[in-house]
Amino acid sequence: WRGRDGAPYSTLVPSDEVTINYRHGLPVITLVLPTRSERCQFTVKPVVTTVGAFLQDVQREDKGIERAEVFATDGSKVSDATLMEVLLMNDFKLVINNTAYSVSPPVKDKLSSEHATEMEDIKSLVHRLFVALHLEDHQIRKERELLQKLDHLKGELLPLEQMKARIMDSADAKTSRLLWVGLALMSTQGGALAWLTWWVYSWDIMEPVTYFITYGSAMAFYAYFVLTKQDYIYPLAKDRQFLHYFYRKSKKQHFNVERYNKLKDDLAEAEESLRRLRQPLHLRLPIQEINDKE
């Protein structure tokens, strides 16, 4: 074992010089202060006390301590931010000045079930207190982030929305023209059949012609079903033709439909998160439970 300067520690003290016992569910670390040569007990709260805080308490108790560090059994230094609860799970080395103490914490399984329950209650209480003290700051910070994200998404969507509106107007106009052309062709066909029936030929001649025209129309509708797997229903056929014009126009004007849909989904998700954030009763509920209640 070596210090930060590379020099070896002068002494490796057995584990009985530093003992750990549990009292009322809390670990009590007993060690001999080097300057005063007297035993001192430190009661730590493992779920909130860090290694750094424990070492500071030791140095405050004995002003003659210039160096206080904790190392794992493999020689790696334990971070000051590590919780004492994590440290006490395994053996470790406590280094005070140039003396290294070998410490073997008691196995936690030996604790009574009553003490274990008390520890779980303490953990739960600490978590609730932390949430109560920091929830408002977290909520304000999260709301600011969501508002910035909404502004960014709306800024990206604005030119796409304008382009989409122009493309939709063009596709809708073409679809409407196609419907009127269809009506004009049907009217022309009806007028031509009437003229051929009463002025040029007779019904006996035109009857087979109308029969084959009707049969040809049935074949056309069936072919539509074979190609699209949909019945030829006028509203659905209109929507299909509208989408055909829309995507063709989008490709010509380089309108990225997938990116637009992704931005719309992100915008809806951000708005939903902001709505939940501004409703304190829903802060800790998953989205599915909120939707079920609404």
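Along the sequence, the protein reads β-β-β-β-α-β-α-β-β-α-α-α-α-α. The model is predicted. It holds 7 helices and 7 strands, and 28% of the 294 residues are buried. Among contacts with a separation of 6 or more, 58% join residues 24 or more positions apart.

- Strands β2, β3 and β4 form an open sheet of 3 strands in the order β2-β3-β4, and the pairing is antiparallel.
- The edge strands are β2 (19-23) and β4 (39-43), each of which pairs on one side only.
- From one strand to the next, the twist averages 25°.
- Strand β3 (residues 26-32) is joined to β4 by 5 bridges, and these two strands run antiparallel.
- V32 stands opposite R39 in β4.
- Helix α1 (residues 51-61) lies across β3 and β4 and runs at about 145° to β4.

**Strands β5 and β6**

- Strand β5 (residues 68-72) pairs with strand β6 (residues 92-96) in the antiparallel sense, over 5 bridges.
- A72 has F92 in β6 opposite to it.
- Of the 5 residues in β5, 4 are buried, so the strand is mostly covered.
- In a regular strand, side chains alternate between the two faces of the sheet.

- M84 lies in helix α2 (residues 84-87).
- The relative accessibility of M84 is 0%, and because buried means under 20%, M84 counts as buried.
- Leaving aside neighbours within four places in sequence, M84 is in contact with I29, V44, P46, T49, T50, V51 and F54.
- One of these contacts, P46, is 38 residues from M84 in sequence, yet the two C-alpha atoms are 4.7 Å apart.
- I29, another contact of M84, falls in strand β3 (residues 26-32).
- V51 and F54, also in contact with M84, belong to helix α1 (residues 51-61).

**Aromatic pairs**

- The count of aromatic pairs comes to 6.
- Y211 and F212 form an edge-to-face pair, with 5.4 Å centre to centre and 75° between the planes.
- Y211 has a relative accessible area of 52% and is therefore exposed, the cut-off being over 50%.
- F212 is likewise exposed, with a relative accessible area of 57%.
- The ring centres of F246 and F255 are 6.4 Å apart and the planes lie at 80°; this pair is edge-to-face because the angle is over 60 degrees.
- Both F246 and F255 are buried, whereas Y211 is exposed and F212 is exposed.
- F242, F246, Y247, F255 and Y260 are linked by ring pairs into a cluster.

**Helix α6**

- Helix α6 (residues 257-277) has 21 residues, which at 1.5 Å a residue should span 30 Å; the end C-alpha atoms are 30 Å apart, in agreement.
- At the start of α6, a side-chain oxygen of N256 comes to within 3.2 Å of the backbone nitrogen of E258.
- The buried residues of α6 are V257, Y260, L263, D266, L267, A270, L274, R276 and L277.

Note on methods: Residues are numbered from 1 along each chain as its sequence is written. This is a predicted model: local features need pLDDT of at least 70, side-chain atom pairs count only at pLDDT 80 or more; totals for chains, interfaces and linings use all residues. Side-chain values use heavy atoms; hydrogens and water are left out. Buried means under 20% relative accessible area, exposed over 50%, partly exposed in between (1.4 Å probe, protein chains only). Two strands pair if DSSP finds at least two bridges between them. Axes are lines fitted to C-alpha atoms, for helices over the stretch in contact, and angles run from 0 to 180 degrees between N-to-C directions. Contact means heavy atoms within 4.5 Å. The expected span of a helix is 1.5 Å times one less than its number of residues. A polar contact is a pair of N or O atoms within 3.5 Å; within protein, one must be able to donate a hydrogen and the other to accept it, and residues adjacent in sequence count only if both atoms are side-chain atoms. Rings of Phe, Tyr and Trp (its six-membered ring) pair if their centres lie within 6.5 Å; planes under 30 degrees apart count as stacked, over 60 as edge-to-face and the rest as tilted.
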